[in-house]
Amino acid sequence: MERVRAVELSDHRCVDAADRPALIAGTEGFCFGSGSMLGVQPAWSGNTVLAVDRITEDGTAVFAGELLQPGEVVLTTGDTYTTPWIVITACNDGLDGLAHSLHAWERSLPAHPASQPVTLNVWEALYFDQDPDVVLDLVGRAARLGVERFVLDDGWFHARRTDTAGLGDWWVDRSVWPDGLKPLADAIHDHGMQFGLWFEPEMVNPDSDLYREHPDWVLQSTGRLPLPHRNQQVLDLTNPDAFAHVFEQISAVLEECGVDYVKWDHNRDLLEAGTNTRGGAPAVHEQTVAYYRLLDTLRGRFPNIQWESCASGGGRIDLGVIEHVERVWTSDMTDALSRQRIQRWTVQTVAPEYMGMHISATTSHQTGRTYTLDFRAATAVFGSFGIEWDIRQASESDLARIAQWIAWYKQERDFLHSGHIVRLDVTDPGVMAHGVITDDASRAIIAHVQYEESPSNRGVWLRVPGLDPKAHYRLKWAGPAAEDPEDVLREASRRDWDPLPESGPLGPDATITGAALGTIGVRIPRCHPETIRLIEIVRV
């Protein structure tokens, strides 16, 4: 295990960044905008270990590295073992300062996306019920909204009518797609969109031709199958024959169908992950190396395809995989209220442009909760924006509104995906606030999120950090959600105070200094729960 000694901190507390493999320590009372901070993360998609040890009364050590099982790496004379990189970040300006360091590094990577297309994924629209006519209808509807990438999710390959069969048999199911996927790809391209396709290359169903022919290609220890999870087992990519099988089958599909984008999923844990090539010895390390090698080999063969890392929704989002992909799927939990917290902490490690954020169904498939379209869209629009919804069920007014959000995202994505993210420290536990500020502090967009009912009716002051204290700024409502704050203004007028009228915060031509915004802020009254409003701040 690689050891990293931390800076000495007189007092510290630790946070877990949304269950990511990261450890963060800081001086007592640290928050998003202040505190001396230390972050430690293994850049690795396999097993990891993180620990804090108070060695003396005044000294603390932080440990991080790969977690190896007995016999997993055996070195003989002349052999070497290279640890994963351990990424250490430190700052004196809180959690956001740590995030800025990582985002700057990620934006320098060769695989960093130049721009993130508006994506529509059909999973929550169709699940396994794929019909060519229905899918083509969705293609046309998506194009009319301004969608730029159309993704066919799970269910297109051999015998894949449920999640009990088919994984490992990577060829098009002609009983569903009698002419193959090429006509669909052509139709998507004719509409000016990219074609995306779902794979789960590391997995196999026992009900598959591959498993029936090669049951020994499953990760297992001493001849015993691990407990099944989601009706699947893990394919042993450390076996050269299994590796070659997956590579060739996926390559054949990518070549035939004109794929522009791959959603690479990974839907179960590596339990009892031994390899038959070494008598059942633990193999997570070599499996992780093989995963990277398979992905990079496919990237080399198909340099124009973009790749998304997905692992049962929200897994495998780490500083190792981020060097190999253009996007991550932030979570299978698409409920907008849940996504507010999920995204708030995932951005601690991953720049927002990597994070898939989609408008979900009016009533969440996961929680049964119902939200307005603007709440769902404003929750998603700061990341890699898209739709995870059967838009055939949307009303004409909803479709028009979605088109507005898509147009706004296209106009603002370069700004949203290049500036500094900020997460405002708000005293009201019912409110969250976050946004983006340009590097030169000339412009910001801040989201006020009334997450739940506030404990008082006093409202909140949003103090916006990172602006030029001497410059003057004008504030206005931003985005398609600009209509939503009318309720806020009416509520404010009952208290004889208008926080943000159409003409600006202080009168027809009034401005406010960056110093005032950072220390006093702008007041937003208590709002209805599960509502969002966007504020644009522009230097004048």
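A nonpolar core is taken here as a set of buried Ala, Val, Leu, Ile, Met, Phe, Trp, Tyr and Cys residues joined through side-chain atoms within 4.5 Å, where buried means under 20% relative accessible area, exposed over 50% and partly exposed in between (1.4 Å probe, protein chains only). The model is predicted, so local features need pLDDT of at least 70 and side-chain atom pairs count only at pLDDT 80 or more, while totals for chains, interfaces and linings use all residues. Residues are numbered from 1 along each chain as its sequence is written, and side-chain values use heavy atoms, leaving out hydrogens and water.

The largest nonpolar core contains 111 residues, and F150, L152, W156, L181 and F195 have the most contacts inside it. Contacts (heavy atoms within 4.5 Å) of F150, not counting residues up to four places away in sequence, include L120, V122, I188 and F195. A second, separate core has 24 residues, among them V431, V460, L467 and C527.

Turning to helices (DSSP runs of H or I, at least four residues, numbered from the N terminus), the axes of α6 (residues 240–257) and α7 (residues 284–301) come within 11 Å and cross at roughly 30 degrees. Axes are lines fitted to C-alpha atoms over the stretch in contact, with angles from 0 to 180 degrees between N-to-C directions. Because angles under 35 degrees count as roughly parallel, α6 is roughly parallel to α7.

A159 has a positive phi of about 65 degrees and is partly exposed, at 36% relative accessible area. R316 has a positive phi near 45 degrees, but R316 is buried, at 15%.

How values were computed:
Helices (H or I, at least four residues) and strands (E, at least two) are DSSP runs, numbered from the N terminus. Angles under 35 degrees count as roughly parallel, over 145 as roughly antiparallel, 65 to 115 as roughly perpendicular and the rest as oblique.
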